[in-house]
Amino acid sequence: MAKKKSSAGTPATTALTAAGTDFTVHAYEHDPAAPSYGEEAAQALGVDPARVFKTLIANVDGGLTVAVVPVSATLDLKALAAAVGGKRAAMADPAAAERSTGYVLGGISPLGQRKRLPTALDASAATYETICVSAGRRGLEVELSPEDLAALTDAVLAPIARFDARHAPPVV
């Protein structure tokens with residue numbers, strides 16, 4: 001995958017460029033009426049929803065934590081807490097998530113956040129050569145290797161997602 005610079009100019013793409021990471025930016029027309037930002041991105045880009053990851057912000061033992069899971073799955077809060085050495089987790093207040101990350105809901109990227117937070121990336125990411133995550137605004141995704149994403153965010157790779165039988169990741 002060749003590094004592609006973009007006029008997108010989000011903190012996420014700026015961080016990727018500064019790190020010298022190979023990535024590709026994918027833009028699509030965002031529909032404000034879409035019921036799921038992640039499913040919309042997967043469909044618009046023609047990518048398997050198991051390869052498109054959403055960025056969620058949770059409160060683990062009183063501190064904010066980033067969880068990156070496939071859009072085809074749900075976040076297992078108990079598994080997230082365990083992955084980052086905590087006991088209890090709940091979804092963060094949306095306003096707190098936006099303040100901490102500097103992004104709006106539906107456009108929160110795990111990269112280039114205002115404040116570096118503990119991060120967990122679902123282990124299913126390792127089954128893919130590349131995955132897509134938000135590039136920092138609705139209608140903009142960045143594709144990169146899961147290894148690069150984990151390295152740039154200091155993420156722990158852990159099974160933090162719950163899949164139903166229709167959306168289970170491939171077995172390797």
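A salt bridge is a side-chain nitrogen of Lys or Arg within 4 Å of a carboxyl oxygen of Asp or Glu. Side chains of opposite charge can pair when their charged atoms come close. The model is predicted, so local features need pLDDT of at least 70 and side-chain atom pairs count only at pLDDT 80 or more, while totals for chains, interfaces and linings use all residues. Residues are numbered from 1 along each chain as its sequence is written, and side-chain values use heavy atoms, leaving out hydrogens and water.

**View 1. E143 and R51 form a salt bridge.** Their closest N and O atoms are 3.0 Å apart. E143 belongs to strand β8 (residues 140-144), whereas R51 lies in the loop between α2 (37-45) and β2 (53-60), 92 residues apart. Helices (H or I, at least four residues) and strands (E, at least two) are DSSP runs, numbered from the N terminus. E143 counts as buried because its relative accessibility is 14%; buried means under 20% relative accessible area, exposed over 50%, and partly exposed in between (1.4 Å probe, protein chains only).

**View 2. R162 meets D76 in a salt bridge.** Here the N to O distance is 3.9 Å. R162 sits in strand β10 (residues 161-162) and D76 in the loop between β4 (74-75) and α3 (77-83), 86 residues apart. R162 is partly exposed, at 46% relative accessibility, but D76 is buried, at 19%.

**View 3. D154 pairs with R116 in a salt bridge.** N to O, the distance is 3.3 Å. This pair links two loops: D154 is between α5 (146-153) and β9 (156-158), and R116 is between α4 (94-101) and β6 (119-122), 38 residues apart. Both D154 and R116 are exposed.
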